[in-house]
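Have the model open as you read.

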Amino acid sequence: MKIAVEGCCHGELDKIYETIKELEKQNGFKVDLLLICGDFQSVRNFDDLQAMAVPPKYQQLNTFYKYYSGEKVAPVLTVFIGGNHEASNYLQELPYGGWVAPNIYYMGYAGVIQVGGVRIGGISGIYKGHDYNKGHHECAPYDEGTKKSVYHVRNLEVFRLKQITRPVDIFLSHDWPRGIYHHGDTAGLIKKKPFFQKEIEDNKLGSWALTELMTHLKPTYWFSAHLHVKFVAHVQHEVLSDSQSAKSTKFLALDKCLPRRNFLQVVDVPQKEESLKIKLDAEWLSILQLTDHLLNLTPRVRYMPGPGGRERFDFKISEKEIENITSLFGNDLTLPENFQPTSPPLENIHARGRRQTLSVQVNPQTTLLCTMLEITDPNAKLLGKTSQELLDESRIGLTSRAEEDNSGDDVVDDDSDEDMPSTIDSTLDISGLSTSTSSNMDSFHTAKDLSLLQSGESLNLSTAATSTPYQSPVGVKGNPRNITIQDDDEEFLSILSAQKNKSSSRSLHDSDILCDEASAAAHTEPELKEADTSATDISAPYSLKSERSSLGMSGLCLDSSMLSSPPASFSLKKRSSDGGENQEVASEQLASEKNSGNGCAVKKFKRRNVSVYSEPSD
């Protein structure tokens, strides 16, 4: 099962899917699942920009709205968690997870799902100590304070995840677990991000809550983003008793989606079931049921129960409770494909119009799940209703429309129902699953150096690859209980500012846009050890073009018309069988010249880092 992992998305779905397509073409495999580690930015229209915690001049639609409206469909099943740059009003509709667009699934504040039998857990947001013990009190419309606090991790989600006792294969977080940098190339990380040094030395970088979760869950893989740097680590967990087997976690943090950044990784994970549809997790659903009384929707501090108190604090799920939940869902936990839009899709990207004030929205997916589990829908409670009442109202609405359709009267229904549906599709997609023998392969297909992560072995940190030197943002301050990157994320803002400035110097017409330069300059890679000689480095050429919108430059995208015939300037490097130096198969520098046909100034071709490595099976 090929799983692609993306760092910070920042709304650049088109570019991510294009990169995956090119990876598949180069290496002859099919990606089965895409995991995105936050900053997804599910912006449906201009109204949603009001909920993003970035200055107005940096608010951009990017490309998610195309997938929400149905203009495009995600070519690969996509699962993501939230970060600290999100359209929070939309994500708050799905506190327990749900479809944000066809084939794109959000995991909620925290959650556990299964795809192909692989168990995937995740937690959204970043850690801030002053909000950690508060409830989810934020709701639209947001002020400047709640716009930021809405994406802060709360103790309830961490407490719920700590009740999990069954193995977790993959875990996603936006933040890093605190102390993870001591299990990898710390010196290399400081070289790339020198302003992290003080907090690393004081062991204050990252989230201590996530460290506790890693220690408890011990997942096989842990993927993160947020700090905009690629970093690998290998954590060997302590064996507390003779009855326990030794476990380790392979940690990978990835960069944001920008050219020449290490933002995408493909991991080969053994598939345990034939079906690749999302299935709900029975243990997690049971935990939601049993801990519903702990939900806090106020800004008041509430501590989770623990040893020594009168309140129950151990909610470990028994096999009998697993059976009860499975039976409740008809012995099939396959997630129904019941996406329904709750806000009008964007029809004209150039017509901003007057923004509507944001308000609390109830999502039919959340209503259905909460009704089945008999748990609280936070948005329904804010509206003074229960999930069952909302479900009954939707059924009444459905019955009324059916009676109108059968009445024989020439009545024209209001088309607005298509934009704001009030019905719920509660039909479960029931399909038989067959078990297939999974491969013993457990390999990484990577942009650079994930062959270093070999199961059960320590990382050879001296072979870690280096990237282009990174200029640290100004004004990053440390906090003993806060992540290094502040809410306003100055590096993120500077990137957007640079893109906007670049776009202002260009003409609005395609005929006046200069061809963007591309570089085949290979990144310096260290010599691999003998154990890694099976790796092949494919430096693929990419033709990149400028992509314009009414909001200005949004970065670089692939020019698919150039993929079929690579330019003569690229160099294909191949690892020799004896582990020696890279042998240059083809190399020809294309001098800067004028294209007489279109007047474009062609210099060099930029490329993305899409090399592929495989590690031996465990």
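## Ground rules

A residue counts as buried here when its relative accessible area is under 20%. Keep in mind that we're looking at a predicted model.

## A strand covered on both sides

Let's start with strand S7, residues 118–123, where six of six residues are buried. In a regular strand, side chains alternate between the two faces of the sheet. So which residues of S7 are buried on each side? One side has Val 118, Ile 120 and Gly 122, the other has Arg 119, Gly 121 and Ile 123, and all of them are buried, leaving both faces of S7 covered.

## The neighbours of S7

S7 pairs with strand S6 (residues 110–115) in the antiparallel sense, over six bridges. If you want a spot to check, Gly 122 in S7 is the bridge partner of Gly 111. The two strands make a hairpin with two residues between them, and Gly 116 in that turn has a positive phi of about 60 degrees.

With strand S8 (residues 170–173), S7 pairs in the parallel sense, this time over four bridges. Here Gly 121 sits opposite Phe 171 of S8.

## A helix wrapped by the rest

Now for helix H9, residues 282–290: seven of its nine residues are buried, so the rest of the structure largely encloses it. The buried ones are Ala 282, Glu 283, Trp 284, Leu 285, Ser 286, Ile 287 and Leu 288.

What do these buried residues of H9 pack against? The list takes in S6 and S7, along with helix H5 (155–161), strand S13 (278–280), helix H10 (319–328) and helix H11 (364–373). At the N-terminal end, H9 is capped by Asp 281, which has a side-chain oxygen 3.2 Å from the backbone nitrogen of Glu 283.

## Where space is left

Rolling a probe the size of a water molecule over the atoms shows where empty space remains.

Strand S4 (98–101), S6, H9 and H11 each give two or more residues to the lining of the largest cavity. H11 gives the most, with four residues. Sorted by class, that lining has 17 nonpolar, five polar and one charged residues.

Methods
Residues are numbered from 1 along each chain as its sequence is written. This is a predicted model: local features need pLDDT of at least 70, side-chain atom pairs count only at pLDDT 80 or more; totals for chains, interfaces and linings use all residues. Side-chain values use heavy atoms; hydrogens and water are left out. Buried means under 20% relative accessible area, exposed over 50%, partly exposed in between (1.4 Å probe, protein chains only). Two strands pair if DSSP finds at least two bridges between them. Contact means heavy atoms within 4.5 Å. A polar contact is a pair of N or O atoms within 3.5 Å; within protein, one must be able to donate a hydrogen and the other to accept it, and residues adjacent in sequence count only if both atoms are side-chain atoms. Ala, Val, Leu, Ile, Met, Phe, Trp, Tyr, Cys and Pro count as nonpolar, Asp, Glu, Lys and Arg as charged, and the others, Gly among them, as polar.
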